[in-house]
Amino acid sequence: MYEDKSGIIWAGSAGSGLFYFDAIGKRFVVLSEQMKPNYITHTSYVSSVVEDADGILWIGTMYGLYALTKEHDHAYIYQWFIQTDESGSLSSSAIQSLYEDHQKNLWVGTTDNGLNVKVSGENTFKHYGKTDGLSSNTIRAILADASGNLWVSANAGLSRYDQHTRRFINYSRKDGLSSNDFYPSACLRSSTGQLFFGNNNGFNAFYPDSIRNTSGKPKVYLADIKINNQAVAIGVPGSPMAKHISLTSNIELSYEQRSLIIDFVAIQFGPSVRQNYAYKLEGFDKDWHYTGTDHVATYTNLDPGHYTFLAKASQSDGTWNEVPTQLEITIRQAPWKTAWAIGLYMMIVAALIFFAVKIRIDRVSMKNQLALERLAREQEHELSESKTQFFTNISHEFRTPLSLILMPLENLISSEQVSASVKERVNAAYKNANKMMSLVNELMDFNKIESGSLKLNPRHGELVEFIASVASMFNDIADKKNITFSVHTQLTSLKGWFDRDKLERMLVNVLSNAFKFTADGGQITVIINSKFTSAMQTIPAARCLELMVVDNGIGMSPEELPRIFDKFYQAKSASKVTNPGTGIGLSLTKALVELHRGTITAESSPDKETKFIITLPIDSTVYDVAASEEMPEDVVYSSEESLTKSQHLAAVDAGRKDQYEVLVVEDNEELREYIATELSQEFKVWQARNGQEGADIALEKTPDLIVSDILMSQKTGIELCKEMKSNIKTSHIPFILLTARATVEDQITGIESGADVYITKPFSVRFLLTHVRNLIDSRQKLYSHFSQDVYLMPSKVTGNEIDQAFLQRAVDYIVEHIQDAQLGVDSIAELFSLSRVQVYRKIKALTGKTAVEFIRTVRLKQALKLMETKQYTLSEIAYLTGFNSASYFTRSFKDEYGKAPSEYLGMAS
């Protein structure tokens with residue numbers, strides 16, 4: 001309850017808002033001006049009401065502080081203050097008490113965050129809390145005495161605030177209070193100046209002037225000291241203290257005594273005296289430690305040096321004794337850190353430097369010699385690497401011209417217009433071109449081995465027959481040179497795990513070396529054997545293939561044997577033959593054998609005998625595969641058999657493909673012209689010189705198939721393929737990639753880009769034609785499937801998600817507007833935001849039908865579904881599916897399915 005200066009009685013409620021007493025109506029009326037901003041709601045919890053000297057009514061609530069400026073009777077202007085993040089705001093919105101002092105300052109007590117003051121004439125608040133000296137942050141009531149001192153009750157005692165010294169003095173039960181927990185707003189100043197404060201144990205009444213502070217400033221005495229957490233004996237030999245700590249002004253400690261606990265106490269006479277303490281260790285602390293009533297200082301692991309410990313205390317009114325008690329503390333340096341120890345260290349370091357310099361000088365000449373030797377080795381290694389890189393790079397360049405050599409030769413061999421004698425010469429050229437291709441692949445594999453990218457692909461198979469078939473490739477050269485060439489083995493069969501391609505290259509390289517260095521009329525023998533080897537560091541115990549190649553050629557000297565497997569090394573005996581080779585065959589063979597976890601050795605007697613022994617493990621445990629995982633053996637074709645197979649694949653009727661268009665994208669003009677010439681016999685061919693030009697032509701012409709190289713300027717074949725497959729205008733076009741890169745990783749990259757076929761160079765032109773025909777034939781089969789299937793399923797027509805979505809959306813659109821007889825290609829073109837021509841070509845490419853035929857097919861398939869229900873007549877079905885007349889429906893149905901609708905119904909029943 002509160003009565004303002006105009007005599008109006010105000011009543012604050014706990015959750016029902018603010019009321020004023022209507023003297024005329026003799027009743028309390030709630031103040032609720034809801035149309036005004038920041039009004040006090042009828043659910044507010046009002047805790048305090050006060051009117052300031054300017055007539056502004058201040059209302060304290062649990063949701064903020066309100067300032068009411070009167071306009072006229074019971075009409076006010078409202079201003080609302082709450083806690084925010086801005087500087088100068090209230091420290092809390094939960095207001096408990098309000099008080100205006102004689103200087104017109106408004107004091108605001110909160111329930112949870114201390115005291116706030118709004119200085120007269122300002123519109124911001126200053127905050128006082130427990131850290132500023134208040135007994136608690138929970139304020140109960142505020143009252144001023146005759147001297148202008150502010151008395152603040154809380155839940156932890158009573159505080160006096162001196163506005164002159166700006167300090168708080170706190171009182172508790174120790175000072176005579178009946179309780180520390182006071183009630184909200186329970187305060188009163190009598191006419192005589194006596195103050196009353198109510199608490200949960202009655203109330204306290206006192207005259208503020210009668211309360212006197214303790215006189216005299218407290219003096220601090222040192223009470224005890226512990227070193228390394230142990231009490232210090234006094235006057236004992238070895239003890240740093242000769243007398244009690246309170247009588248000691250300085251102590252000297254050893255390096256081990258670096259942890260201290262100092263206890264101190266202030267002595268001051270008077271009733272209920274309570275001191276606050278502060279301490280500081282000069283040389284370690286930058287500021288004073290204010291510890292309240294705690295009077296113990298702890299320091300650990302102090303560095304050696306000189307320190308001064310200071311301690312002081314304050315009176316209960318906050319007045320500090322500025323003359324602290326001092327204790328000088330000296331901690332001696334460790335023996336190994338003293339000046340004489342440092343001098344000894346310097347002598348030792350100087351001696352070490354002397355001997356280090358001497359050793360350095362002695363090693364300089366040795367390092368120079370080693371550097372020269374290392375430089376020579378590096379130059380030799382760089383030369384070897386440059387040779388390898390050169391052969392690798394040039395082997396890539398060989399693939400395209402080899403394609404241009406092999407494809408015409410292949411055509412001549414298969415041509416019926418070429419005579420047998422010419423075919424024999426052409427076949428010889430074809431075999432040598434294939435041999436050159438094998439050498440190119442060998443050079444590329446050599447580089448893969450050095451870079452660690454060549455992988456082993458073991459498969460289960462029969463070894464004796466495989467080795468014999470590889471050796472038979474040398475029968476012709478043996479006959480020409482009159483060399484006795486044979487394969488000896490006592491094994492009828494030997495099955496195991498091995499990499500066919502790599503074993504073939506090992507044997508071919510060793511046999512080629514043997515035939516190269518064996519004179520006419522000599523003898524070469526291949527011996528096949530099997531043995532069991534014990535466990536070694538790299539492989540477990542396993543069965544092994546032992547393969548020996550023995551010849552009676554010119555041989556090698558014993559000192560050359562250790563180097564014959566070095567890269568580019570050529571034996572001295574190589575000068576005796578016409579074509580000694582490049583020196584990488586045996587090096588590649590050794591690398592392939594080691595990749596197979598095997599060994600290869602050589603034995604030789606000059607002009608008598610040379611023997612190469614290859615040992616390869618063939619058990620599944622060596623290659624981490626399951627022994628039961630038997631894979632089908634490779635089928636090995638000779639060049640003639642390969643050619644025959646290619647001719648068989650090409651035997652497809654091409655008479656109906658004249659209308660199809662093929663785009664060839666290749667930056668090599670000669671190869672592009674040749675491919676275009678071959679394809680032009682069956683198809684209409686467009687040519688592009690690079691990837692960007694190919695993309696432009698594909699978007700303009702929309703061909704039926706694209707054949708593209710990978711490595712091209714402006715845009716690669718991979719990028720072109722991805723662009724075509726992601727564009728709705730071209731996503732349906734089959735794509736064939738041509739490349740000189742033959743690794744599995746390269747092929748995976750090509751297929752992942754969306755390519756339908758991946759062909760490596762050099763390739764057979766008939767092989768390319770077969771793929772082209774097969775892709776077009778598969779498209780024709782899909783067309784047929786689309787026409788015969790009653791239910792339209794785009795996923796069965798194409799695997800491309802964009803094409804599937806296109807067809808599904810087109811079908812859904814036609815079904816949705818199926819009764820519209822005027823539905824045509826223009827509507828579908830507008831649906832996809834494409835031109836009429838683009839939609840026509842797209843539908844034609846995906847279904848083999850024109851746009852009109854496609855719409856009619858969808859209508860007929862919907863008619864079939866309605867006919868299966870047997871709920872409609874044929875005339876109704878014709879109308880429901882958008883046909884203008886029943887006769888047109890009957891004619892269209894018969895053209896599509898070969899029988900009239902009535903016949904179809906009769907067969908269905």
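Colleague: How many salt bridges does a search of the whole structure find?

Modeller: That search gives 16 salt bridges, a salt bridge being a side-chain nitrogen of Lys or Arg within 4 Å of a carboxyl oxygen of Asp or Glu. This is a predicted model, where local features need pLDDT of at least 70, side-chain atom pairs count only at pLDDT 80 or more, and totals for chains, interfaces and linings use all residues. Residues are numbered from 1 along each chain as its sequence is written, and side-chain values use heavy atoms, with hydrogens and water left out.

Colleague: What makes Asp 362 and Lys 358 a salt bridge?

Modeller: Their closest N and O atoms are 3.7 Å apart, and the cut-off is within 4 Å, so the pair qualifies. Both residues lie in helix 1 (residues 339-414), 4 residues apart, about one turn of the helix. Helices here are DSSP runs of H or I with at least four residues, strands are runs of E with at least two, and both are numbered from the N terminus.

Colleague: Why is Lys 715 called buried?

Modeller: Buried means under 20% relative accessible area, exposed means over 50%, and partly exposed is in between (1.4 Å probe, protein chains only). Lys 715 has 12% relative accessibility, so the label is buried. Its salt-bridge partner is Glu 723, with the closest N and O atoms 2.5 Å apart. Glu 723 has 26%, so this residue counts as partly exposed.

Colleague: And why does Arg 689 count as exposed?

Modeller: Arg 689 has 53% relative accessibility, so the exposed label applies. Arg 689 meets Glu 693 in a salt bridge at 3.1 Å, N to O. At 21%, Glu 693 is partly exposed.

Colleague: Turning to the core, what makes a set of residues a nonpolar core?

Modeller: The members must be buried Ala, Val, Leu, Ile, Met, Phe, Trp, Tyr and Cys residues joined through side-chain atoms within 4.5 Å. The largest nonpolar core has 39 residues, of which Phe 485, Leu 511 and Phe 612 touch the most other members. Helix 5 gives the largest share, 7 residues.

Colleague: Which residues is Phe 612 in contact with, leaving aside neighbours within four places in sequence?

Modeller: Among them are Val 510, Leu 547, Met 556, Ile 564 and Ile 600; contact means heavy atoms within 4.5 Å.

Colleague: How do you know that the span of helix 16 is close to the expected one?

Modeller: The expected span is 1.5 Å times one less than the number of residues. Helix 16 (residues 836-847) has 12 residues and reaches 16 Å from its first C-alpha to its last, close to the 16 Å expected.
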